[in-house]
Amino acid sequence: MADLKELLAKRSQGLKPTATTVRKRDGTVTIERAAVAGLSEAEQRERMEASQRASKAAEKVEIKPYSEGILYGYQGEEGNWKPWEGDRETMAADPGDGLRVMTFNIWFSPHEWEKRADMLLDLLFAGDAYDVVMLQEVTKRFLGRLTADSRVRQRYVVTDTSGGTFIGGYGNMMLIRRELPRPAIWFVKFPGRMGRRGLVATFENVALATVHLESLNSTRLRLEQLNRLCEVLDQPVAVIAGDFNVAGTGPYASAAEDTAVDAVRSQYGFDDVCAELGLTYDTRESANTMVRAADDQPIDYARYDRVWVRGGLAADRQLVGADGADGLWISDHFGLSFVVSRKSVTSK
């Protein structure tokens, strides 16, 4: 990332929030508030304790404003994952036009996690290959199953193989197609109590970032986190994708927060390219019935997951993972896929 250190050192204080939404969400993307209807006191206490454990784990980790990450490639002849050098001459070079990208919050719940991991793998290797896969709420067990898959080992390099970059038991990761020029990997520290960070892959002229913004009653922090990330993405084409933890619709909607987040987007010149795809979280009977059956959570439906693109176009935009099988879905969220390009392409 060009001049990343300097940009982070000079970053502005960011937007101030226009409103605060009183809601609590743990890593399972359950939205909670004090005295939420349908939750017993014991259930509310359990979720609060989970968030407090994540917060305490984050407090023990000293994170610089930025830190360089590592890419790992599977070395077949040695039978293990090792830091991947790639082609040093093409490091962070132009990756070409038309990168196929997917973002997916894959739910850290233990509920049928092996089957759900296998469903995700089937999605990754069905149809056109993804160049970059951005995942949020990845647990160590889920990560282990992904990196043990022979197809993943053959096609991708990854930003983590052991969960060493995760804070509080889960985290974000990327899978990047081996044939691409080797990007620089960065973690951008966010303000907050949960150790959230922006994970960024930068090529010569493209920056791809994934986020899982702060949970809980944290409108101000979410806005500051977005500001901090936007300030350092200086490539001509930039993408931010992931779980924004912002509800513009549904029972926990905050129009004020949604408007404030949209103002950040506009300030930095991004387009909200997947808005027309609609909800990315829906636990009603007509949609993802797994979540309430597994965790007895209140009904919720919202567009928590978003894709912002600046300086490029996003074609072939799709909602993925929205169809379950035998009462099982990949996650409590749905994923988003798209093809980002600098050129004029026809969008669906």
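This is a predicted model: local features need pLDDT of at least 70, side-chain atom pairs count only at pLDDT 80 or more; totals for chains, interfaces and linings use all residues.
**Exercise 1. Is Y66 buried, partly exposed or exposed, judged by its relative accessibility?**

Residues are numbered from 1 along each chain as its sequence is written, and side-chain values use heavy atoms, leaving out hydrogens and water.

*Step 1.* Recall the cut-offs: buried means under 20% relative accessible area, exposed over 50%, and partly exposed in between (1.4 Å probe, protein chains only).
*Step 2.* Y66 has 22% relative accessibility, so Y66 counts as partly exposed.
*Step 3.* Now place the residue: Y66 is found in strand 3. Helices (H or I, at least four residues) and strands (E, at least two) are DSSP runs, numbered from the N terminus.
*Step 4.* Look for F187, which is 121 residues away from Y66 in sequence but 5.6 Å away in space, C-alpha to C-alpha.

**Exercise 2. Find the order of the seven strands in the open sheet, and name its edge strands.**

*Step 1.* Strand 3 (66–68) and strand 14 (271–272) are the edges, as each pairs on one side only.

**Exercise 3. Describe strand 12 and the strands it pairs with.**

*Step 1.* Seven of the seven residues of strand 12 (residues 206–212) are buried, so this strand is largely enclosed by the rest of the structure.
*Step 2.* In a regular strand the side chains alternate between the two faces of the sheet. Here V206, L208, T210 and H212 point one way, while A207, A209 and V211 point the other way.
*Step 3.* Strand 11 (residues 197–202) runs antiparallel to strand 12, and four bridges join them. L199 has T210 as its bridge partner.
*Step 4.* Strand 13 (residues 237–243) runs parallel to strand 12, joined by seven bridges. One of the pairs is H212 with D243.
*Step 5.* Follow the chain from strand 12 through helix 6 (residues 219–232) to strand 13: this β-α-β crossover is right-handed. That is, with the strands pointing away from the viewer, the path from the first strand over the helix to the second runs clockwise.

**Exercise 4. Which residues of helix 4 are buried, and what do they pack against?**

*Step 1.* In helix 4 (residues 140–147), the buried residues are F142, L143, L146 and T147.
*Step 2.* Viewed down the helix axis, they fall within an arc of 125°, so they line one face of helix 4. The arc is that of the directions from the helix axis to the C-beta atoms.
*Step 3.* Their packing partners include strand 5 (80–83), helix 3 (113–124) and strand 7 (132–139). Contact means heavy atoms within 4.5 Å.

**Exercise 5. How many disulfides are there?**

*Step 1.* A disulfide is a pair of cysteine sulfur atoms within 2.5 Å.
*Step 2.* By this rule the count is zero.

Terms used. Two strands pair if DSSP finds at least two bridges between them.
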